[in-house]
Structures are given as C-alpha cells and as structure tokens.
Amino acid sequence: MEYVTLNNGSKMPILGFGVYQIPDQAECERCVLDAISVGYRSIDTAQAYRNEEAVGRAIQKSGIPREEFFVTTKVWISNAGYEKAKASIDESLRKLQLDELDLLLIHQPFSDYYGTYRAMEEAYRAGKLKAIGVSNFYPDRYIDLVQFTDVVPAVNQVETHVFHQQGQAQEIMKKYNTQIESWGPFAEGRNDFFSNATLKAIGEPYNKSIAQVALRFLIQRGVVVIPKTVNRNRMEENFNVFDFELTAEDMAKIVALDTGKTAFFAHNDPQTVEFLTGYGKKGLE
Ligand code: NAP
C-alpha cells in the first residue's frame with residue numbers, strides 16, 4: 001500500500017474502500033470483511049450511509065489490530081451545529097466500536113458547519129479524532145472555512161474522476177495543505193465509464209482494466225481513492241493498481257477526458273442545495 005501524509009503527520013492509505021449505497025447491515029458487514037481479506041485497511045463510511053454499525057462489526061470480526069485500520073466517517077447535515085455534532089461524534093464512535101476515529105469529515109457544506117467544525121476541533125484536541133476535514137467544499141467555501149478556523153482541514157473529499165478531474169480545486173487545497181480525496185472515482189459508472197475507449201486502449205498493454213487505469217490515474221496525481229463495489233472480484237481488481245505505472249503520454253490522454261463539470265450535481269447549484277438541505281433537515285431516523 002502507498003500512503004499520503006496528512007497535514008498533521010497522520011498517514012492515510014492512498015486507496016481505501018467506500019461503503020455508500022450498501023444500507024443493508026449484513027451485506028455491508030460481508031462487503032467490509034471481504035474488502036479486509038483482499039487487503040483494504042481504509043474504510044470510508046458516513047452517518048448518512050446508515051451502516052456505521054456494520055463497518056464496526058466487520059472490523060471487530062476481522063481480528064486485525066485496530067491500529068492497522070484507517071476509518072473515516074462523516075457528520076450529516078441534520079447533526080450540524082456545535083451541540084448536535086458533538087453528540088453525533090460520540091454516537092459514531094459507539095456505532096463503529098472505536099475510541100478514536102482516523103478521520104472525521106463534515107459531509108456537506110450546509111447548515112451550521114462552523115459549529116460542527118468547532119465540535120470537531122474540540123474532539124480532535126481531546127484525542128477522539130486523529131484528523132478532521134470536510135467533504136463537498138468547493139474552493140469558495142473551503143477557503144472561507146480555512147480562513148476562520150484553527151485546524152486546517154486535513155482532507156477535502158470531493159467528486160473526482162477522469163471526467164471531472166478537479167485540477168484547480170486540488171491546486172487550491174495544496175496551497176493550504178489539504179489532501180484531496182476522490183469520491184465517485186468511477187463516476188458510479190456514469191458517462192459509459194466502464195466502456196470508455198480511451199481508458200480501455202491505455203490499459204491493454206499493461207493488461208489492466210478500465211477501472212484500474214482510472215484509479216491509477218488518480219493515484220499518480222496524488223488523489224486518495226475509495227472505490228466502492230459489493231463484488232469481491234472487483235475489490236481485488238480495484239486493489240491491484242500498484243504494479244504498473246502510466247506514462248506521461250497515457251496521463252495526457254486521460255487529462256483530455258476532463259469535462260471540468262460534475263457528472264452528478266453541483267453543490268453550489270440552488271436546486272441541489274434545496275434538495276440536499278431539505279433532505280438533510282429531515283434527519284436520519
Ligand atoms: P464509484 O466508486 O465511483 O462507483 C461504484 C460503482 O462502480 C458501483 O456501481 C460498482 O458496482 C461499480 N464498480 C466498482 N468497481 C468496478 C469494477 N472494477 N468494474 C466495474 N464496475 C465496478 O461510486 P461511489 O460509491 O459513489 O464512490 C466511492 C465512495 O466514495 C463511496 O462508497 C463513498 O464512500 C464515497 N462517496 C462520498 C460522497 C460524499 O458526498 N462525500 C458521495 C459519493 C460517494 P458493484 O458494487 O455492483 O460492483
């Protein structure tokens with residue numbers, strides 16, 4: 001495994017396993033156990049995924065020492081604000097059966113995320129969180145947060161894949177010393193991702209799949225990746241990306257695939273904000 005060093009000295013695996021859209025507890029536990037057996041040690045969950053308990057159980061059942069894992073979760077919109085966020089951190093730790101999280105992110109840049117961040121800074125100083133950061137913070141909100149908080153976010157997890165490469169956002173994060181992490185490294189299959197002719201042709205001489213080329217591209221750009229799959233063979237495929245290197249020419253061909261636009265929805269589009277805040281208001285129960 002390769003690691004990145006976060007701005008506080010913590011080491012984070014550059015490749016992890018995401019568990020979004022695996023709400024069934026038994027299925028999620030099985031997936032995380034499979035992923036662990038393949039070799040994944042970094043697991044990305046969130047309060048809103050409703051599967052923190054399953055992740056916690058799988059980690060326990062694996063029998064692998066806690067210190068080998070890097071566990072991330074995220075505070076949902078309905079837990080925004082100092083008091084609610086503070087309680088939700090303890091609740092996430094309880095569900096995950098952990099004394100300390102490796103990384104806690106603010107899931108969405110909405111509601112009282114300043115209050116949330118204060119609760120996170122406090123828990124960070126108290127030793128409950130090894131690192132803290134944000135997700136879906138576009139450069140405007142990200143810079144604003146950095147300017148008015150004490151602890152610089154260690155990570156910003158944003159949609160990043162070959163069709164939306166986030167070069168400019170990554171440069172801005174680099175300036176303030178925040179690690180970029182990709183969500184949706186395969187764009188969840190959108191834009192015919194898994195039949196892309198350019199990625200396919202690039203992978204052929206290396207005997208590598210479209211998924212492997214896409215992950216390798218991000219890793220070579222210093223982006224942390226957390227692909228999701230429920231399929232053990234694909235877990236292996238997605239893990240097996242450290243035995244080849246894309247050339248500068250390969251990289252340039254992939255850079256040309258960038259549309260500079262989201263394949264999902266933009267977090268600064270009023271319709272998206274209305275949808276996410278409306279959904280967030282309802283809470284998780
Ligand atoms: P993704 O990893 O881009 O794509 C997952 C999809 O690709 C699934 O449909 C999966 O199908 C398929 N797949 C995986 N590996 C494959 C392979 N080798 N060949 C063919 N198909 C493959 O999407 P994602 O789950 O949205 O993103 C990854 C993680 O990022 C999430 O799990 C979550 O932890 C995080 N995330 C965070 C946010 C946020 O707001 N912070 C948003 C989205 C995601 P099967 O499962 O059927 O194999």
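**View 1. Aspartate 44 is a buried residue, with a relative accessible area of 3%.** Here, buried means under 20% relative accessible area, exposed means over 50%, and partly exposed is in between (1.4 Å probe, protein chains only). This is a predicted model, where local features need pLDDT of at least 70 and side-chain atom pairs count only at pLDDT 80 or more, while totals for chains, interfaces and linings use all residues. Residues are numbered from 1 along each chain as its sequence is written, and side-chain values use heavy atoms, with hydrogens and water left out. You'll find aspartate 44 in strand E4, residues 42–44 (helices, H or I with at least four residues, and strands, E with at least two, are DSSP runs numbered from the N terminus). Its side chain makes a polar contact of 3.0 Å with the side chain of glutamine 157 (a pair of N or O atoms within 3.5 Å; within protein, one must be able to donate a hydrogen and the other to accept it, and residues adjacent in sequence count only if both atoms are side-chain atoms). Not counting residues up to four places away in sequence, aspartate 44 also touches others, including Phe17, Tyr49, Lys74 and Ile226 (contact means heavy atoms within 4.5 Å).

**View 2. Valine 162 sits in the loop between strand E8 (155–159) and helix H6 (167–176).** This one is buried too, with a relative accessible area of 0%. Leaving aside neighbours within four places in sequence, valine 162 is in contact with Phe193, Leu199, Ala214, Phe217, Ile254, Leu257 and Asp258.

**View 3. Helix H1 (residues 25–38) packs against helix H2 (residues 52–62) at about 40°, with axes 8 Å apart.** Axes are lines fitted to C-alpha atoms, for helices over the stretch in contact, and angles run from 0 to 180 degrees between N-to-C directions. That angle makes H1 oblique to H2 (under 35 degrees is roughly parallel, over 145 roughly antiparallel, 65 to 115 roughly perpendicular, and the rest oblique). Among the residues in the contact are Cys28, Val32 and Ile36 of H1 and Val55, Ala58 and Ile59 of H2.

**View 4. Helix H4 (residues 113–125) and helix H5 (residues 139–147) cross at roughly 50°, their axes coming within 12 Å.** So H4 is oblique to H5. Look for Tyr113, Tyr114 and Tyr117 in H4, which meet Arg141, Asp144 and Leu145 in H5.
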